[in-house]
Amino acid sequence: MASHYDKENIYFFRISYLLHEEGTKAMRSFFLKAAGGLEPEEFNNYVVEKFVNEETCRQKLRVFQDQSESLFPKGGADINKLDISLLFRLIKDLPKFEGISEKEWEGKKPLDDPKLANVILLYKFRNHVAHSDSSRMTQDDFTTEWSKFSKILQDLGVDKQEIDLCANKQFDNTDIQKIESLSLDITDDDFNQLMTDFGEWYDQRGYINELKVLLIEHFPDNEALKRFTRTIDLLSLLTNKGLLNRTNISVLYDAIKVTEQFGFESSIKDKLPAFKDIEERKVVTFSEHTKTVFNLGKSLSDSEIETLDGRYNFPTLKKYADSWNLILDFQRRGLLTENKIESVKKVLKRGK
């Protein structure tokens, strides 16, 4: 996976991965000890006793809805699923730290507690990465940042061997999505506005069918996509399935990359600086086969559409309005699976 990116991407990924893996563990370990030696399996009872319900939790911790939901999910809260930001909020709420001033929490005033000081540095480092305007890092910056962050983690008890493992990590698609979720830090309002802007951009250009072609692999029951005529409905479907949320917009990045709608990235940059580096990214949410199908749709000429219509629909021709209507119909009929797409291509070759 790493071979698809240049060295400056990889440097950024390594820092981000170290933060996501070892930084989160260090923050979690600190919270459990500071909460009186709490065991991970006792965490759900702790949350229920302390906050009672999600609304109270959201108000007291001043967190987003999806963060409060992660503390009151069906089946109970799992501390292993919390990120650095939410763990830091829980640490700030602990009674033993009631005397800590806001300036001390912000790192603007020295603390007598070296462990807590390092937790604050860890949180600040997380924000530094999350608010970065690029997914790239020079070698000099990487060397400096890695040294500083490694020291923070070791001071919090992280084994140097674990840090070294992250230094040699080979990244796969799942790792890249984790890193992207770490690097995205937007509010609920920003997310909702992004959905509106994205929907309007694709609807105004008549690209909803292109999106449907890409999304079918995530919705085997493709009849669910067939009835939608607005992009915002597709986005709602993705959100409800857990494929799109405030901390994970990889599917949007990839849709823009595959459909080559880079103008949207430019239009959104001023409103949402966290939206970044789409042209240089490797697509991670759509399979190679889906991209092959999409490229077929992009390449079909009017005469090729007629050829396929005649070959697969005679005598009741469908007279497709464009290539995307044909591709969607063929996808629904199972004519463009990995085993069958070559047969379609052969029909096109014979028609030339």
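This is a predicted model: local features need pLDDT of at least 70, side-chain atom pairs count only at pLDDT 80 or more; totals for chains, interfaces and linings use all residues.

Residues are numbered from 1 along each chain as its sequence is written, and side-chain values use heavy atoms, with hydrogens and water left out.

Let me start with the overall picture. The secondary structure of the chain comes to 20 helices and 0 strands; helices (H or I, at least four residues) and strands (E, at least two) are DSSP runs, numbered from the N terminus. The C-alpha trace spans about 80 × 45 × 35 Å along its principal axes. Of the 352 residues, 49% count as buried, where buried means under 20% relative accessible area, exposed means over 50%, and partly exposed lies in between, with a 1.4 Å probe and protein chains only. As for contacts, meaning heavy atoms within 4.5 Å, consider those between residues at least 6 apart in sequence: 68% of them join residues at least 24 apart.

I turn to helix H5, residues 84–92. Why is H5 described as largely enclosed by the rest of the structure? The reason is that 7 of its 9 residues are buried. Those buried residues are Ile84, Ser85, Leu86, Leu87, Phe88, Leu90 and Ile91. Their cover includes helix H1 (7–34), H2, H3, helix H4 (65–71), helix H6 (102–105) and helix H7 (114–130).

In the loop between H4 and H5 we find glycine 75, which counts as exposed at 87% relative accessibility. Glycine 75 and asparagine 44 are 31 residues apart in sequence, and their C-alpha atoms are 9.3 Å apart in space.

Next, the helix pairs. The axes of helix H12 (residues 208–215) and helix H19 (residues 323–332) come within 9 Å and cross at roughly 25 degrees. Axes here are lines fitted to C-alpha atoms, for helices over the stretch in contact, and angles run from 0 to 180 degrees between N-to-C directions. The angle makes H12 roughly parallel to H19; angles under 35 degrees count as roughly parallel, over 145 as roughly antiparallel, 65 to 115 as roughly perpendicular and the rest as oblique. The crossing of H12 and H19 is left-handed, a term used if the near helix is turned anticlockwise from the far one by less than a right angle, with clockwise being right-handed.

Which residues make this contact? From H12 they are Asn209, Glu210, Lys212 and Val213, and from H19 they are Trp324, Asn325, Ile327, Leu328 and Gln331. By class, the contact of H12 with H19 has 4 nonpolar, 3 polar and 2 charged residues. Here Ala, Val, Leu, Ile, Met, Phe, Trp, Tyr, Cys and Pro count as nonpolar, Asp, Glu, Lys and Arg as charged, and the others, Gly among them, as polar.

The second pair is helix H17 (residues 288–299) with helix H20 (residues 341–350), whose axes come within 12 Å and cross at roughly 20 degrees. H17 and H20 are therefore roughly parallel to each other, and their crossing is left-handed. H17 contributes His289, Thr292, Val293 and Leu296 to the contact, and H20 contributes Ile341, Lys345 and Leu348. These residues divide into 4 nonpolar, 2 polar and 1 charged.

Now to threonine 259, in helix H15 (residues 250–259). Is threonine 259 buried or exposed? With a relative accessible area of 12%, threonine 259 is buried. Its side chain makes a polar contact with the side chain of tyrosine 202 at 2.7 Å. A polar contact is a pair of N or O atoms within 3.5 Å; within protein, one must be able to donate a hydrogen and the other to accept it, and residues adjacent in sequence count only if both atoms are side-chain atoms. Leaving aside neighbours within four places in sequence, threonine 259 is in contact with Tyr202, Glu210, Leu214 and Phe294.

Finally, the backbone. Most residues other than glycine have a negative phi, and most peptide bonds are trans. Valine 52, in the loop between helix H2 (43–51) and helix H3 (54–61), has a positive phi of about 70 degrees and counts as exposed at 58% relative accessibility. Lysine 319, in the loop between H18 and H19, has a positive phi near 45 degrees and is exposed at 69%. Proline 315 is found in the loop between helix H18 (302–313) and H19, and the peptide bond from phenylalanine 314 to proline 315 is cis, with omega near 10 degrees.
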